[in-house]
Amino acid sequence: KMASSGFRAALLLGTHLALLSCAAAFSMGGSFAPATAASRFLRPAVCLKGHVSAAARRGRGAALGVVASDGGGGVDAMTIKFAAGLKEHLTELWGPPGTEDFSLYADDLEFKDPLVAVKGLNLFKLNFKILKDSPLSYEPEFITHDTAAVGPRMARARWTVTSTVRLLPWKPRVSFTGVSIYKLNEQGKVVYHEDVWDSVQPGEFLGGLRDTLFRGSGLWREQAAPDVFLPPVTLLYRGVDFELRRVDAFRCAEVQFDKRSQKDAVAALNGYWTGGNLGRTVLPPSQPTLIICPQMPGSAPQCMSAFLPGVWGSGERAAPPPIAPAAGEGGPSVTLGSRSGRVYAVQTIKTQSLMDGWVSTEEVYKVRAKLLDALLLAGISPTEGFTIARYGEVYGTGSTYYELWVGIEAFSLRAATLISAAEDPSALERALDLNFEPLDDSSEA
């Protein structure tokens, strides 16, 4: 019943999106077209140690790649100033409804994203209101990761946006990441603004609608149960093949185990959580449970780790010590510890065992191989080992699902390939009218 009503609601949402797009476009003299990323732009750039694979440079559908040049010549001072204030502007623009400042935009603004294409500042304001506070969407959270001046009167911003879909009964939170492309007129006003989503391929027909309805936007997922603790995680990138998330440092309770003691490890961790500790404290439920695996499963014991919730996780209160096993008793035992934060590449593991709900080793390594191939194409270096994240009934009764997390060695999230004095000394020289001529050592001071 719920699946049937959910499907009807999703179809209704799709129809609603299409009608809103048409209404916003045709009212007040706008134009409507299936908006796609302009063909002159490749995938938005996410740079790791300045390295991008050859496949990504050729734009062969790699998840991450280098943006094409936005135009010849250097970056002018006006654009540098615009890019420097862009993060603050976007923070204000996505603030409380009714407080938006559109002074940076020209009246003849042209806007497009994978869902809509409109002309005129008034239609842009209407489209923005639909995103921020309407029967379709509300409670947006917008994060600006980076801004850059990339060419004459050209700037970019890389972002993550999350919003609640009001139209659907389970009120899902949907998330998108991408790059905004800005073109300025001679007065420094934005005349062209394009949002390119990481999760939509360039030129993909109805890509925005298909991504929203059928991919990893989160549309089909209920909001997390309010009594379940979820650790602070920032979505940095949601692409076609994987996500990148930053997980903050956390305190945890852990159990070492091997294949034979897996069930005992689960029992030990559950026992600690439900009062089997020296303080007899019952901890609030916390998800996900992490299975931290070495590079080769047989080379070392695996570790089952759970995030300590609330005041115990923040360190405001010491976590209750685990009960030490009695003399002569074997089996897994709980220890307390902490782990540093890092960026993970993430992919969902869809196949589960019908017997116990766990995922098979074969399926884990199949997903891992696919994820590593995608990271290789993107020019991203993974760490050894991997982690399986298990979410048990967080997003509704009976909804258990798994993810594969692979750590990233180092990571730098950029809006575009930055033009700087180091990469193009003449760019700053032209923009700021500076003189980088070498000094004549023979001249007198």
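Mentor: A salt bridge is a side-chain nitrogen of Lys or Arg within 4 Å of a carboxyl oxygen of Asp or Glu. By that rule E204, R210 and R215 are linked in a network of salt bridges. Keep in mind that the model is predicted.

Trainee: How many salt bridges does the structure hold?

Mentor: The structure holds 10 of them.

Trainee: What makes R158 and D198 a salt bridge?

Mentor: Their closest N and O atoms are 3.0 Å apart. The cut-off is within 4 Å, so a pair at 3.0 Å qualifies. R158 belongs to strand β4 (residues 154-165), while D198 sits in the loop between β6 (190-197) and α6 (207-214), so the bridge ties together parts that are 40 residues apart in sequence.

Trainee: Why is R158 called buried?

Mentor: Buried means under 20% relative accessible area. R158 has 0%, so R158 counts as buried. D198 has 1% and therefore counts as buried too.

Trainee: What links D211 and R238?

Mentor: Their side chains meet in a salt bridge, with 2.7 Å from N to O. D211 is in helix α6 and R238 in strand β7 (residues 233-238), so this pair joins parts that are 27 residues apart in sequence. Both D211 and R238 are buried.

Trainee: Where do E254 and R339 lie, and are they buried or partly exposed?

Mentor: Their side chains form a salt bridge at 2.5 Å, N to O. E254 lies in strand β9 (residues 250-257) and R339 in strand β12 (residues 334-339), so the bridge ties together parts that are 85 residues apart in sequence. E254 has a relative accessible area of 11%, which is why E254 is buried. R339 has 32%, so R339 is partly exposed; the buried label needs under 20% and the exposed label over 50%.

Trainee: How do you know that the span of helix α5 agrees with its number of residues?

Mentor: Helix α5 (residues 121-132) has 12 residues, and at 1.5 Å a residue it should span 16 Å. The expected span is 1.5 Å times one less than the number of residues. The end C-alpha atoms of α5 are 16 Å apart, so the two values agree.

Trainee: Which residues of α5 are buried?

Mentor: The buried residues of α5 are L121, L123, F124, N127, F128, I130 and K132.

Trainee: What makes β2 and β3 edge strands?

Mentor: Start with the sheet. It is an open sheet of 6 strands in the order β2-β1-β6-β5-β4-β3, with mixed pairing. The strands β2 (117-119) and β3 (137-151) each pair on one side only, and they are the edge strands. From one strand to the next, the twist averages 20°.

Trainee: How do you know that β3 and β4 pair?

Mentor: Two strands pair if at least two bridges are found between them. β3 and β4 have 11 bridges, in the antiparallel sense, so they qualify. Within this pairing, A148 stands opposite R156 in β4.

Trainee: Which helix packs on the sheet?

Mentor: Helix α4 (residues 86-93) does, touching β1 (105-112), β3, β4 and β5 (173-184). The direction of α4 makes about 165° with that of β3.

Trainee: What sets the backbone of E139 and K171 apart for comment?

Mentor: E139 has a positive phi of about 55° although E139 is not a glycine, and E139 lies in strand β3. K171 also has a positive phi, near 50°, and is a residue other than glycine. K171 is in the loop between β4 and β5.

Trainee: What are the totals for the protein?

Mentor: There are 10 helices and 15 strands. Of the 445 residues, 47% count as buried. The protein exposes about 22200 Å², and carbon and sulfur atoms supply 55% of that.

Notes. Residues numbered from 1 in each chain as written. Predicted model: local features only at pLDDT ≥ 70, side-chain atom pairs only at ≥ 80, totals over all residues. Heavy atoms only, no water. Helix = DSSP H or I, 4+ residues; strand = E, 2+ residues; numbered from the N terminus. Buried < 20%, exposed > 50% of the residue type's maximum accessible area, 1.4 Å probe, protein only. Axes fitted to C-alpha atoms, helices over the stretch in contact; angles between N-to-C directions. Contact = heavy atoms within 4.5 Å. Areas by Shrake-Rupley, 256 points an atom, 1.4 Å probe, with all protein chains shown as cover.
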